[in-house]
Amino acid sequence: MGGPVAKIERGECPRIMIVDDMPDNLLLLKRMLQECGCEVLAFPDGAMALKAAHRRAPDLVLLDINMPNMDGYEVCLGLKGHPDTRSVPVIFLSALNTTGDKVKAFAHGGEDFITKPFFFEEVRARVQVHLKIHQYRRELESKNQALETSYRELAEMAAMRDTLVHMVVHDMRNLMQNSLLNLQVLSRMKPDQLGAESNRVVQDALASAFLLREMISTVLDLSKMESGAMELQRESCDLRDIVTGALLPLRALQEEGGLVLDLPAGPIPTVCDGPIVGRILLNLVSNAVKFTPPLPGGIKVSLRPSDDGARVEVRDLGPGIGPEFQGQIFERYNQGAGPGPERHQSSGLGLAFAKLAVEAHGGRIGLESELGCGSTFWFTLPH
């Protein structure tokens, strides 16, 4: 007779349902499976078996085909069509033995087919295999449900975190705006009122405050852009004016020669959201400032017409970006913009915002870089 049939769960007997209108078959199979350590439910009628299965699902069903009132095919369809029993394996056990009978059994949802007269060793072996498969399937479903629950909980926590961050950052922007106003007041004072050194400190603090406000705004607007909540306000613009206006907060760097503009003499017309494009450029320049030493011409911004519109480039003399980072450089929170400790000084949000904003305009954005030779970030805008 062999060893006991594999249990579905440790310490719990497999629950097997037998459906056959022949009392002798029911009695024989029931006794043999009980001896193998199974809990057995025997039914001579398909409708009775189906009701019982729907009340409490078995672990496996041995099912005859030729039965009065409801045949085995109908019973199998009833099992597979119910959410509580659709995954229960069904083994057809029938005197029908043609290929067509077997194909029909599988087409109605059966997992296996045993021809009568049967040998119990074969029945036992096939039952054991399908019980193991059913056990693994249930364990997998349980793990999937646990993963889905964990994912849902993490998503809810992430949403709460984003809401909190948004509130905090919004308050930070208001405070930074107040600081900017005070610094602007100081920057407009006469040189003899502040002194040359104090005036330089104010100008540096003003530039840093502008960049910090831009970082704060990027945090807020990146979430809006990712969720599709930010709509572009497109209008006819001169890209030259957008570039020069966006870099006004860095005029001290321009005066010192660290930032050089290479702009065409004539206008570069385009249709875009001017403030957003200005912020794209400011994010790229801010990224260059973080990783470029204070060298004459260390950062160069170029604007040129192109075949499909206009091309803006931001070239720096920084350490460059290795090829292993270039594929992910525009991803959110990527910090691959510099080697060693320097790379941890960047949140990566500015480049992620730039990519989303450029693509929202129908443009392209990219990077050309080599370690030790600086980097060139570029983007294009259509006509």
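Val88 lies in the loop between helix H3 and strand E4. Helices here are DSSP runs of H or I with at least four residues, strands are runs of E with at least two, and both are numbered from the N terminus. At 2% relative accessibility, Val88 counts as buried; the cut-offs are under 20% relative accessible area for buried, over 50% for exposed, and partly exposed in between, with a 1.4 Å probe and protein chains only.

Before I go on, this is a predicted model, in which local features need pLDDT of at least 70 and side-chain atom pairs count only at pLDDT 80 or more, while totals for chains, interfaces and linings use all residues. Residues are numbered from 1 along each chain as its sequence is written, and side-chain values use heavy atoms, with hydrogens and water left out.

Back to Val88. What does Val88 touch, not counting residues up to four places away in sequence? The list is Ala57, Pro58, Asp59, Leu60, Val61, Lys80, Glu111 and His134, where contact means heavy atoms within 4.5 Å. Val61 is 27 residues from Val88 in sequence, and their C-alpha atoms are 7.3 Å apart in space.

Val61 also takes part in strand pairing: its bridge partner in E4 is Val90. E3 and E4 run parallel and are joined by three bridges; two strands pair if DSSP finds at least two bridges between them.

Now E4 itself. Five of the five residues of E4 are buried, so the strand is largely enclosed by the rest of the structure. In a regular strand the side chains alternate between the two faces of the sheet. In E4, Val90, Phe92 and Ser94 are on one side and Ile91 and Leu93 on the other, and all are buried, so that both faces are covered.

Next, the sheet. Five strands form an open sheet in the order E2-E1-E3-E4-E5, with parallel pairing. Its edge strands are E2, residues 39-43, and E5, residues 112-115, each of which pairs on one side only. On average, neighbouring strands of this sheet are turned by 20° against each other, direction ignored. For angles, axes are lines fitted to C-alpha atoms, for helices over the stretch in contact, and values run from 0 to 180 degrees between N-to-C directions.

Strand E1, residues 15-19, runs parallel to E2 and is joined to it by five bridges. Val19 stands opposite Phe43 in E2. Helix H2, residues 46-55, packs on the sheet and touches E1 and E2, with its direction at about 160° to that of E1. Helix H3, residues 72-80, also packs on the sheet; H3 touches E3 (60-63) and E4 (90-94), and its direction makes about 175° with that of E4.

Is Asp112 buried or exposed? At 14% relative accessibility, Asp112 counts as buried. Leaving aside neighbours within four places in sequence, Asp112 is in contact with Val90, Ile91, Phe92, Phe106, Arg126 and His130.

Now two helix pairs. Helix H8, residues 239-246, and H10 have axes 9 Å apart and pack at an angle of about 55°. That makes H8 oblique to H10: angles under 35 degrees count as roughly parallel, over 145 as roughly antiparallel, 65 to 115 as roughly perpendicular, and the rest as oblique. The contact uses Leu239, Ile242, Val243 and Ala246 of H8, and Gly274, Val277, Gly278, Leu281 and Leu282 of H10. The classes are Ala, Val, Leu, Ile, Met, Phe, Trp, Tyr, Cys and Pro as nonpolar, Asp, Glu, Lys and Arg as charged, and the others, Gly among them, as polar.

The second pair is H10, residues 274-291, with H12, residues 349-360; their axes come within 9 Å and cross at roughly 145°. Residues in this contact include Ile276 and Arg279 in H10, and Gly350 and Phe353 in H12. The contact of H10 with H12 divides into eight nonpolar, three polar and one charged.

One more loop. Leu371 lies between strand E11 (364-369) and strand E12 (375-382). Beyond its neighbours within four places in sequence, Leu371 is in contact with Pro319, Gly320, Ile321 and Gly322.

Finally, the chain totals. The protein chain has 12 helices and 12 strands, and 43% of its 383 residues count as buried. Among contacts between residues at least 6 apart in sequence, 67% join residues at least 24 apart.
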